[in-house]
Amino acid sequence: MKSNLKKISKSDLEILKELEKKTSWLSAWMIHNANNIRESVDGLKVGGHQASSASVISIMVALYFYVLKRDDRIAVKPHAAPVFHAIQYILGNQTKDKLENFRAFGGAQSYPSRTKDTDDVDYSTGSVGLGGAITIFGSLIQDYLLDHKFVSPTFKVSKTIALLGDAELDEGNIYEALLEGAKQNVRNCWWIIDYNRQSLDAVVTDELHLKIDELFASMGWRVITLKYGKKLQKLSKLKGGNEILNWIDNCPNDLYSALSYMGGSAWRGRLKQDLSKNKDALKLIKKLDDEELGETMSNLAGNDIEAVLEAFAEANDEVPTCFIAYTIKGFGLPLAGHKDNHAGLMNKEQIRMYQKSFNINNGEEWEISSGLRISNKKIDDFLHNNPFYGGNKRIYGDKKINIPDKINYNVVKKSNTQEIFGKLLNEIAKEKSKLSDRIVTFSPDVTVSTNLGSWVNQKQIYNRQKKKDVFLDENVVSAQKWVASPKGQHFELGIAENNLFLALAAAGLSNSIYGSRLLPIGTIYDTFISRGLDALNYALYQDARFLLVATPSGISLGPEGGAHQSIITPLIGIGQPNLLMYEPTYADELEIIIRYALNYIQEDNGSSVYIRLTTRDLIQSRRSIDKNLEKEILSGGYWLKRPKDKSDFTLVFSGPLAPEVETAFEILKEDIPDISILMITSSDRLYKNWRDTQKKSDKGNTTLSRIEEIFNETMSDSLIVSVVDAHSSTLSWIGGAVNRKIISLGVDEFGQSGNLKDLYKVYGIDSEAIVDASARVLSL
Ligand SMILES: Cc1ncc(C[n+]2csc(CCOP(=O)(O)OP(=O)(O)O)c2C)c(N)n1
Ligand SMILES: [Mg+2]
């Protein structure tokens, strides 16, 4: 794909420079207004990042007003949100009201948010490192759609662009993503690094850029360094100029920052001292007054729009490109270069001076035309031709994919939910249907061990290049046929859970970003959800839609031991917004839940779905499930042993502990004839439903929540023992919700290797522990 950046005309450049000034002013003013002018209700500091913003203004102005095409997608570094909002305001996509309410309720968000902002955010950012990394997966998904012909023939291939702070490169997930991108031959991806050599606390290590260069080059990326701005480039052509540039090259980052902060006379003092032996250089310095000298010495290419445009024009193809853009944090502000400027704000006098420098009259602070040296008409004409002008709709949507009423699979007497998951996908893979076509699976090196093997054998691995399975060709016997092709439907990822979630995020946004719906399914070992938790949170924060199948789980893993046995994951399921969690016990429940989830991820008011599975075999029931039971299974809980009369004792459980609960039931039945068993398929759904009902009851609604409705079939003072192969608090909330005494069993400590009999005993979730707890709850 050609970026087609023609050489900019003089008049366009003039307009861009005016827009740059306007953006500089609006972004600084927005923050100032929020902190100093808007009334404070609670005395909290509002914040905003004037220095981080100023650092990238030229780059963002060049991108949004000249370089980007309509369907290019960009992740803007979190602390440049004010610049982003200011640009959208100029483009007519953001309201003054929202700018005035920057960081206030209902106003423009502190960090660009795809779901909370209304001004066309492509990818949310906030947690550093993730915004950059998702662009790699966004680009891979675009290729996937193209290879599968899931986009119309007129679809224009676009770029995915990340604008990153340099300190984001300290995040390990960046390298995980780069490696994966290299493996999958990522293309049409730009990373622009705002190389201001400052993070939050500090000025970064010298010569870091050399390592960055090598790193990107080793991943197959082109590296373009933007170092000297136009003024410095000009200086280099004069006698003595190169010595000054050499001096800059050798200047430690912290000294350069400090001199940028101190300005012209400080530069002069230092240069005179360091270049005392170079007459030509001294002559050049002498010719410039303090202001000119300060401007020249701090004229880095990343803050110079002409130099920025030239650099972008160099990347005129699909090769992934990293731009290392030298900038000054706080460029053009009195905060420039100061090491403590990350949270720094201009004071009232400083902002007044800044306003004056742009010729903006008091009372005209939000006026786009105020202070501009070019006619409104010229600016308007320029903006009208911008592909983003006036809220051009860039959020797409695709038709829903039909999910059948039943997925048939072969039930064996003894089986486990993980195995059934594999069988269900195997059946779907055999079909010729849109469902079968649009599912795309992802796994971080646990494809086979999470039972995706037979799906992959049928659907192949996705790669832009065809690759043979050498083992297959050499007739080595193997259950896996690992052929890779552009038609494949499985992303075989390296072991990096962050990448799994970022890939799911990108695929899960395909519907709205590329207008082509995918049904992404990711598999992972349950305990390693925590490893990628921030990336999962990031995916869900932008409302990406996917199925997360996590298996195996809990101490039911037995011999695998404590490092692999998950404990807290159901609590993540309950606590994590935009994620619905299920933990089925039986195969028939799983079949229902999978179908439901494939629909739910497509619903406007739906969300992603997490299904927690196990490798523990259970005897499968051959019951037939009617519509009512199906509804109950999906509601989060149903009676496995219904109370005959008003039961006064209930065993509640979730997941694979059915045999332990049923044995305890048989023992307890002798003393408690009307004992019941409540099966929880989703503590998450029940909890949310209870909370939602409570909120409605505040408004006078008297409907019962599902969990209250269930317990209405028991005595009002009935007792409960709950048990789960996970943290005991997963189900303990039920006691409070239905106002019953409860003892909750579960695994609250790290597990270890062992057989299930021993482990369940030691961790107190076997039938004996359930019977003991029952005796205790009776005496409470
Ligand atoms: C995962 C994560 N950890 C910590 C932070 C807090 N934080 C915000 S910005 C920042 C440093 C950013 O430095 P850099 O990326 O260089 O940005 P810039 O210099 O452009 O402000 C940190 C540590 C965060 N946002 N996300
Ligand atoms: Mg920085």
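Author: Start with the polar contact: a pair of N or O atoms within 3.5 Å; within protein, one must be able to donate a hydrogen and the other to accept it, and residues adjacent in sequence count only if both atoms are side-chain atoms. Here, a polar backbone atom of Q198 is 2.8 Å from an oxygen atom of ligand 1. This is a predicted model, in which local features need pLDDT of at least 70 and side-chain atom pairs count only at pLDDT 80 or more, while totals for chains, interfaces and linings use all residues. Residues are numbered from 1 along each chain as its sequence is written, chains are lettered from A and ligands numbered from 1 in the order in which they are written, and side-chain values use heavy atoms, with hydrogens and water left out.

Reader: Which side chains have a polar atom facing an oxygen atom of ligand 1?

Author: S52 has a polar side-chain atom 2.5 Å from an oxygen atom of the ligand, and for N196 the distance is 3.0 Å. Accessible areas come from the Shrake-Rupley method with a 1.4 Å probe; for residues, only the protein chains shown count as cover. Taken alone, ligand 1 exposes 590 Å², and the protein buries 75% of that.

Reader: How does one read a strand, and is strand 17 mostly covered or mostly open?

Author: Strands (E, at least two residues) and helices (H or I, at least four) are DSSP runs, numbered from the N terminus. A residue is buried under 20% relative accessible area, exposed over 50% and partly exposed in between, with a 1.4 Å probe and protein chains only. Strand 17, residues 647-654, is mostly covered, with seven of its eight residues buried.

Reader: Which strands pair with strand 17?

Author: Two strands pair if DSSP finds at least two bridges between them. Strand 17 runs parallel to strand 19 (residues 714-724), joined by seven bridges, and L651 stands opposite V721 there. With strand 18 (residues 675-680) the pairing is also parallel, over six bridges; F653 has M679 as its bridge partner.

Reader: What should I look for in the backbone angles?

Author: Most residues other than glycine have a negative phi, and most peptide bonds are trans. N359 has a positive phi of about 55° although it is not a glycine; N359 is exposed, at a relative accessible area of 54%. The peptide bond from T551 to P552 is cis, with omega near -5°. P552 lies in the loop between strand 12 (547-550) and helix 25 (569-575).
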